[in-house]
Amino acid sequence: MTKWPKLSVALLIIALLITACSRNAGEEPGNGNNGQKASTDPVTLKIVMPGDRPADMDKVIAEIENRIKGTLNVKLDVIFSSWSDIHQKTQIMLTSGEPVDLMFEAPWMHLDSMASAGYYEPLEELLNEYGKNILAARPQQMWDANKINGQVLAIPLGNSFYKPTTYYIRKDLREKLDLPPMQSYDDIISFARKVQQQFPDITPMTPQTQIPMSEVHFRLAQGTDVMMTPMLTDFILYRAPNSPIIRNMLDDPSPVIWSAIENARKLYQDKIINPDVMAIKDPDNWVTTHPTAVYLATDFGLKADLAKKLLSNLPSSDLESYTLFDPTPAKNSSTFKQWNFMTVPKSSKHKKEAIQFLDWANASQENYDLLAYGIKGVNWEDAGDRQYRMLTPDKYPWFPYDWIWNPKFDRLDASQEPSAIELNRFIMNADNFTVDVLTGFNFDTSAVQNELSQFYALENQYLLPIYNGAVDLDTYWKEFAEKAGPALKKIQEEGQKQIDDFLNK
């Protein structure tokens, strides 16, 4: 009789200890789909993206955190960096080991070099275990074409197989000049020159301070005469259409590329290109507060947020768009590569939770819509036929490209011209493109890491102003060739070697 109470007390103590340990250990957070319970203490995910922080970003984050409560116990710390600074800022973050859980990346930043250097977490296991919705929201073709060194080191962000670009044209000025709609690049330049003559207070043309949005690169990328290479996306290394042979502008110059470079210099000297182009940190903001007749932008058609800002600041203005893209089936080839990516840095302390959060965002149309367009009924409305209409583009602009863009849930902007909607639907169909000979090839940068670092620094210093015509061509090109030539040659030779090996397998 005396032993029974002692045993009961012992069992009770053991039970209490087990319960206490369980509570201290906490539960693993879930992704909203696997039935896991949320942990007691929330995990804060640090997310780094380019651009300006939308005015309603905090409201959208609050709504995200409210929706995931009880399934994913995470908080979001979203950090923005200007387009002109994002390359350097993220590079410093990565090389210093600063803890970041999700980071925007792109080939025009340092995706290949940083991935090859081991700064990003391989994602196959994480995606298979915690990211099934992320995988399902993108076709296998997209995953296969965007591997790096045979691994998934970045989640592709995109909804199509071609990077659309367009010229924004001041329609009101064109009509005042009694000119017809644009039909060619020459028409655009002719319009800009007439604006300079008739409206001297208006800047004729404003490119941007990124290589892809510079005058030279922007024009070349819309054509089919020369193509970019997997090593560098700036046309200094180039190739003929759908060719595996890599050529070098410093020792084998393309007449097409050189003509575009000389043209940019003349436009700048004639003050057609904005004389202050290299000093503009935020081009989208600048163009909505300073009159310019021609502006370079991504996507087909007009971005509703940009057009609305322009109208609010310059009430007499009106916009239209024109692209050099030719939507003839099979005329354009594609490697099915994407231009935007989301990565999980090795420095992240919450890799699983980062993938679980993105998986939640890719799990349903409602979740995607919130991150992409903002709060329904406040920032946007459903326009039917997989389209949306912005209500407050000045407070939450079109936003999927920074973190969740995918072809399964993406909507088209109903405010765009019918021709732009038609073009966007065209490039979402892989069958409209010829399969590029280098589809599936990924450049391993490990053998030329130092050369790439040297080249990227010189690219920003020399090539960007050259591509906007902002510097003396003879002086800058000669200095660029002398300083970048040896590194560029090694990059070219290594890239060609890897391409030859790829094609011979």
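**Helix α9 in the predicted model, residues 185-198.** The helix has 14 residues and reaches 20 Å from its first C-alpha to its last, close to the 20 Å expected at 1.5 Å a residue. Tyr185, Ile188, Ile189, Phe191, Ala192 and Val195 are buried. These residues cover an arc of only 155 degrees around the axis, which puts them on the same side of α9. An α-helix has 3.6 residues a turn, so residues three or four places apart point the same way. On the face of α9 turned away from the buried side are the exposed residues Asp186, Gln197 and Gln198.

**Charged side chains over aromatic rings.** Arg219 lies over the face of Tyr185, at 4.0 Å from the ring centre. Tyr185 is one of the buried residues of α9. Lys163 lies over the face of Trp339, and here the distance from the ring centre is 5.0 Å.

**Glu65 in helix α2, residues 57-67.** Glu65 has a relative accessible area of 16%; it counts as buried because this value is under 20%. Leaving aside residues up to four places away in sequence, Glu65 touches Val74, Lys75 and Leu76.

**The stacked pair Tyr373 and Tyr388.** The whole structure holds 31 aromatic pairs. In the pair formed by Tyr373 and Tyr388, the rings are 4.3 Å apart centre to centre, with 25 degrees between the planes. Tyr373 belongs to helix α15 (residues 365-373) and Tyr388 to strand β14 (residues 387-390), 15 residues apart. Tyr373 is buried, with a relative accessible area of 2%, and Tyr388 is buried at 3%.

**A cluster of aromatic rings.** Ring pairs link a set of residues that includes Phe80, Trp83, Phe104, Trp108, Phe357 and Trp360. Also in this cluster are Tyr396, Trp398, Phe399, Tyr401, Trp403 and Trp405.

Technical notes: Residues are numbered from 1 along each chain as its sequence is written. This is a predicted model: local features need pLDDT of at least 70, side-chain atom pairs count only at pLDDT 80 or more; totals for chains, interfaces and linings use all residues. Side-chain values use heavy atoms; hydrogens and water are left out. Helices (H or I, at least four residues) and strands (E, at least two) are DSSP runs, numbered from the N terminus. The expected span of a helix is 1.5 Å times one less than its number of residues. Buried means under 20% relative accessible area, exposed over 50%, partly exposed in between (1.4 Å probe, protein chains only). The arc is that of the directions from the helix axis to the C-beta atoms. Contact means heavy atoms within 4.5 Å. Rings of Phe, Tyr and Trp (its six-membered ring) pair if their centres lie within 6.5 Å; planes under 30 degrees apart count as stacked, over 60 as edge-to-face and the rest as tilted. A charge sits over a ring if NZ of Lys or CZ of Arg is within 6 Å of the ring centre and within 35 degrees of the ring normal.
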